[in-house]
Amino acid sequence: MSSPTGPASGLPVRMPRPRQPGRHRRPEPLVAPEGAPALVLAVPGAPTNATRSLADEVISIARSELPGLDARIGHLDGDDDEFPSLSAVLVRAAEERTVRFEQARAAGLDVKEPDGPVAVVVPLLAGPDNALLRRIRQSVMDSKIAAELTDVLGPHPLLAEALHVRLSEAGLARADRARLFTVATAADGIILASVGGDEAVQAAGITGMLLAARLAVPVIAAALDEEGSIASVAEQLRGSGSQQLALAPYLIGPEIEASVLEEAAKEAGCSTAEPLGPYPAIGKLALAKYTTALGISPQQAQGASVR
């Protein structure tokens, strides 16, 4: 039995923890602003169940970071209900926004007519690929929907982390350089394989420098879509003393066929890691592109309104 001043038994009472003052307090959880545009993930490559599963996982990660996020998937080469095209997804998002507004008005709510972009389109690409980006931009234009197109996900330190993890999963790198053990198959030279020509190679090279710092081995970027590029970099690494090479795909996965990676690894005479795939950093970077495009931050998002 308790009294107004506490429990009669003298047992402790769990009191709510006071909010920590000052700049070191925990940030408020980030929540999607009311009426915010949809995040539409533009997925390149042939639409397959594997591709859709990968994109679903990326979207799931983004939603877990931003509750309430309206996130959708548009396939660059999609053309049906199972794999909707990017243009179709944008049109659907615009239609649904209009319906929500009309329903709110019909219910007697005092709501502002929606304006601004219907969606923020984020390419599912680690690095620049002008051919694919042109197609994504054209799909946005063909939809005739107001949408903002962001940059690709890289270069970024989180992609270097993801590359490191994929290499370690394949037994081609130590999981943690600080641990005092070795991997017998660890590579002493990394070929960072990209697609998109010279610009993509240069962008991959920036992430490659971060990866080299993590692994303490040389990392050189090469183009999968440029004949002889992979073999040339392999020769360069061996010429500088590397004996055991590894191919690290600077790719999410859908943008190229798996057979291309297999052929590249044979050309270089080395093993290959898996593409980045739905590594958690991919979803976080996609969300970061979205929030940056909207000009919101964790401190601004909760309680804000974007229409």
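Strand 5 is joined to strand 6 (residues 147-149) by three bridges, and the two run parallel. Strands here are DSSP runs of E with at least two residues, helices are runs of H or I with at least four, and both are numbered from the N terminus. Two strands count as paired if DSSP finds at least two bridges between them. This is a predicted model, where local features need pLDDT of at least 70 and side-chain atom pairs count only at pLDDT 80 or more. Residues are numbered from 1 along each chain, and side-chain values use heavy atoms, leaving out hydrogens and water.

To get from strand 5 to strand 6, the chain goes through helix 3 (residues 130-143), making a right-handed β-α-β crossover (with the strands pointing away from you, the path from the first strand over the helix to the second runs clockwise). Strand 5 also runs parallel to strand 3 (residues 38-43), with five bridges joining them, and here Leu39 stands opposite Val120.

Side chains in a regular strand alternate between the two faces of the sheet. In strand 5, Ala119, Val121 and Pro123 lie on one side, Val120 and Val122 on the other, and all are buried (under 20% relative accessible area, with a 1.4 Å probe and protein chains only). Because five of the five residues of strand 5 are buried, it is largely enclosed by the rest of the structure.

Now for the helices. Ile230, Ala231, Ala234 and Arg238 in helix 6 meet Ala264, Glu267 and Ala268 in helix 7, where contact means heavy atoms within 4.5 Å.

Key: Buried means under 20% relative accessible area, exposed over 50%, partly exposed in between (1.4 Å probe, protein chains only).
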